[in-house]
Amino acid sequence: IEEAENGTIWVGSSEGIKVYDVNLNVIDKIQVSIKNSSGNNVTAIYKDVKNDMWVGSEHGLHRYRLTPSGYTKQSYYSNPQDSISLSSNHILSIAETENLSLLIGTYGDGVNIYSRTTNTFQKLKTENNIDGSIIRGILKDKNHHIWLSTNTGLSKINADGSVINLTTSEGVQAFNGGSAQ
């Protein structure tokens, strides 16, 4: 669930997005993927600092930009032959960094960083490895650390790029669903 800049509420489901007005009346239905029914299974919605709505699905990442006549859509997909594309089409989580890049959590292939200036993706590389490849949730704290809820526990990425992994050894269980607050 995410509120768009125009005050509408976007709710993702297995059937795409329903857009509600302030009185909770459905005013629009957005089919994320016309070709692929699993692409309509919305797994993440995020409004960025520029008020673009980013929608993650089981079949790619989609950016919706509000225009006077509605929304324009740009879709991003994984392409194994393209090193600057998404590493996976199955998106689970989205967040924004201090430098306005986006962090894209995937199902099975870790975290991608989207650069607005180059319109490209790069798999996140850290000083030491992030435990877990299924990134359920991404949060930033007030000290600009990035926290990832994963299939093995919790990972904290410090500003210097070092990673602290917390797993069952530290009493942290694996995360399921869209686990984050």
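This is a predicted model, where local features need pLDDT of at least 70, side-chain atom pairs count only at pLDDT 80 or more, and totals for chains, interfaces and linings use all residues. Residues are numbered from 1 along each chain as its sequence is written, and side-chain values use heavy atoms, with hydrogens and water left out.

**Exercise 1.** Work out which strands supply the lining of the largest pocket.

*Solution.* 
- Start with the strands (DSSP runs of E, at least two residues, numbered from the N terminus): strand 2 (9-13), strand 5 (42-47), strand 9 (91-96) and strand 13 (135-140) each give at least two lining residues.
- Next, the centre: of the 21 lining residues, A44, I45, L92, S93 and I94 lie nearest to it.
- Then sort the lining by class: 12 nonpolar, 5 polar and 4 charged.

**Exercise 2.** Find the residues nearest the centre of the second largest pocket.

*Solution.* 
- T97, L124, I146, I157 and A159 are the ones, out of 16 lining residues.
- By class, this lining splits into 6 nonpolar, 7 polar and 3 charged.

**Exercise 3.** List what Y76 touches, skipping residues up to four places away in sequence.

*Solution.* 
- With contact meaning heavy atoms within 4.5 Å, Y76 touches W54, G60, L61, R63, L86, Y114, N119 and F121.

Note on methods. 1 Å grid on protein atoms, 1.4 Å probe; cavity = no way out; pocket = protein on both sides within 12 Å on 5 of 7 lines; lining within 4 Å. Helix = DSSP H or I, 4+ residues; strand = E, 2+ residues; numbered from the N terminus. Nonpolar A, V, L, I, M, F, W, Y, C, P; charged D, E, K, R; others polar.
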